[in-house]
Amino acid sequence: MRKIVDALSILLLLGGASAFALGVKALGDERDLASLYWLVAGALLLRSSTDLLRPKPEGR
Amino acid sequence: MSADVDERAANELVRRANVLLPGVYAWAATVLYPVSLHGVSVYARVVAGAALATLLAGVALGRRRPSLGRALGLHGFVMACVLAWVLLGPVLAVDRLEPTKAAVGAVGWVLFAFGWGGSREPEHVPEDDPRALPGEPLPPRGKLPRGAVLVLSLAIAGAAFPLIFAWRVTRSAHALFAHAVAIGCAVALVSSGAEIAVRRGKWAPVEPQTRRLGQAAASLTILAIVIVVGVIELFAN
């Protein structure tokens with residue numbers, strides 16, 4: 001299970017990198033809305049990837 | 001004794017010069033030049049003058065009142081410069097910037113940032129400082145988790161792509177934004193990559209492992225919604 005969650009966090013990190021690259025690329029293609037979409041998706045992918053690691057105190 | 005005083009005075013002079021010279025240079029290249037153009041508001045000129053005065057005051061006070069000197073010479077100076085840029089308005093529009101002058105100004109600000117930094121002096125041991133807290137040396141926590149270098153390398157490689165794609169943006173206003181976004185993305189990717197690389201597995205154990213999924217539930221849910229919206233939009237078009 002631990003390996004699966006580790007692999008998932010790495011996959012999400014790679015997804016975030018791809019989404020950021022697509023976001024900036026879309027900006028170059030003058031597709032501003034698509035760019036915004038990919039940048040938001042990238043930020044969420046990165047956040048999810050680190051949230052999978054972050055131990056939080058009990059009771060939160 | 002006299003040699004010590006001379007050495008301290010020389011060090012202080014070097015420290016002041018390291019901050020003052022790049023600061024004045026950056027100010028002259030990026031603030032003085034635009035405010036000296038025709039048609040600039042008086043407020044922008046006054047704030048630009050105040051920025052220089054703040055820098056000089058910060059450097060002058062740096063030795064006697066280090067925190068006040070830093071607040072004035074670093075934070076106050078930068079804030080006054082930013083305010084001057086805001087007041088300049090369309091004078092600083094991207095299509096009116098001259099690339100060489102902008103690049104020279106950027107170098108000035110980099111040097112200014114380095115001037116405020118400090119490095120360990122040769123033969124100086126930080127633990128010998130009387131303010132250092134005594135205690136047992138901290139042992140290394142062990143080896144890095146397996147694959148840490150690979151994960152960080154992937155993150156660094158991934159961070160390069162937004163920086164490369166930012167150069168493809170040809171619209172002038174969007175180009176500056178693209179570079180700023182690309183730098184932000186690259187920093188976020190490398191930070192997250194480093195965190196994932198070193199905190200996997202035993203360095204930050206979370207039991208049971210399903211709790212890790214629970215921790216990320218909120219962000220994963222929003223992510224799923226965003227993906228669904230994207231897929232719907234894709235098929236709608």
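This is a predicted model: local features need pLDDT of at least 70, side-chain atom pairs count only at pLDDT 80 or more; totals for chains, interfaces and linings use all residues.
Chain A is built from two helices, with zero strands. Of its 60 residues, 55% count as buried. If the contacts in chain A between residues at least 6 apart in sequence are picked out, 53% of them join residues at least 24 apart. The loop between α1 and α2 of chain A holds A:E30. The phi angle of A:E30 is near 65°, a positive value in a residue that isn't glycine.

Of the 237 residues of chain B, 24% count as buried. Among the contacts in chain B with a separation of 6 or more, residues 24 or more positions apart account for 70%.

Within chain B, one helix pair can be picked out. Helix α2 (residues 42–61) of chain B and helix α3 (residues 66–88) of chain B pack with their axes 8 Å apart, at an angle of about 165°. That angle is over 145 degrees, which makes α2(B) roughly antiparallel to α3(B). The crossing of α2(B) past α3(B) is left-handed. Sorted by class, the residues of the contact of α2(B) with α3(B) come out as 20 nonpolar, five polar and one charged.

Now for the place where the chains touch. On one side are 39 residues of chain B, in contact with 35 residues of chain A. Four helices of chain B, namely α5 (148–165), α6 (172–199), α7 (210–215) and α8 (217–236), each supply at least two residues of the side that touches chain A. The biggest giver to that side of chain B is α6(B), with twelve residues. By class, the side of chain B that touches chain A has 24 nonpolar, nine polar and six charged residues.

The axes of α2(A) and α6(B) come within 10 Å and cross at roughly 15°. Since angles under 35 degrees count as roughly parallel, α2(A) is roughly parallel to α6(B). Here, α2(A) passes α6(B) in a left-handed crossing. From α2(A), the contact is made by A:L39, A:G42, A:L46, A:S49 and A:T50. The partners from α6(B) are B:V181, B:C185, B:A188, B:L189, B:S192, B:E195 and B:I196. In terms of class, the contact of α2(A) with α6(B) has seven nonpolar, four polar and one charged residues.

B:V181 lies in helix α6 of chain B. B:V181 is buried, because 20 other C-beta atoms are within 10 Å and the cut-off for buried is 20 or more. Setting aside neighbours within four places in sequence, B:V181 is in contact with A:V24 and A:L39. The C-alpha atoms of B:V181 and B:A166 are separated by 8.4 Å, with the two residues 15 apart along the chain.

A:V24 tells the story from the other chain. Leaving aside neighbours within four places in sequence, A:V24 is in contact with B:P162, B:F165, B:A166, B:A178, B:V181 and B:A182.

What about the nonpolar cores? In soluble globular proteins, nonpolar side chains tend to be buried together. In this model, the largest nonpolar core has 39 residues, and A:A17, A:F20, A:V24 and B:L189 touch the most other members. The elements that give two or more residues to this core are α1 (2–28) and α2 (32–51) of chain A, along with α5, α6 and α8 of chain B. The top contributor to this core is α1(A), with eleven residues. Another core, of 18 residues, lies apart from it, and its members include B:A44, B:A48, B:V59 and B:L88.

Methods: Residues are numbered from 1 along each chain as its sequence is written. Chains are lettered from A and ligands numbered from 1 in the order in which they are written. Axes are lines fitted to C-alpha atoms, for helices over the stretch in contact, and angles run from 0 to 180 degrees between N-to-C directions. Angles under 35 degrees count as roughly parallel, over 145 as roughly antiparallel, 65 to 115 as roughly perpendicular and the rest as oblique. A crossing is left-handed if the near helix is turned anticlockwise from the far one by less than a right angle, and right-handed if clockwise. Ala, Val, Leu, Ile, Met, Phe, Trp, Tyr, Cys and Pro count as nonpolar, Asp, Glu, Lys and Arg as charged, and the others, Gly among them, as polar. Two residues are in contact if their C-beta atoms, placed from the backbone, lie within 7 Å. A residue is buried if 20 or more other C-beta atoms lie within 10 Å of its own, exposed if 12 or fewer, and partly exposed in between; C-beta atoms are placed from the backbone. A nonpolar core is a set of buried Ala, Val, Leu, Ile, Met, Phe, Trp, Tyr and Cys residues joined through C-beta atoms within 7 Å.
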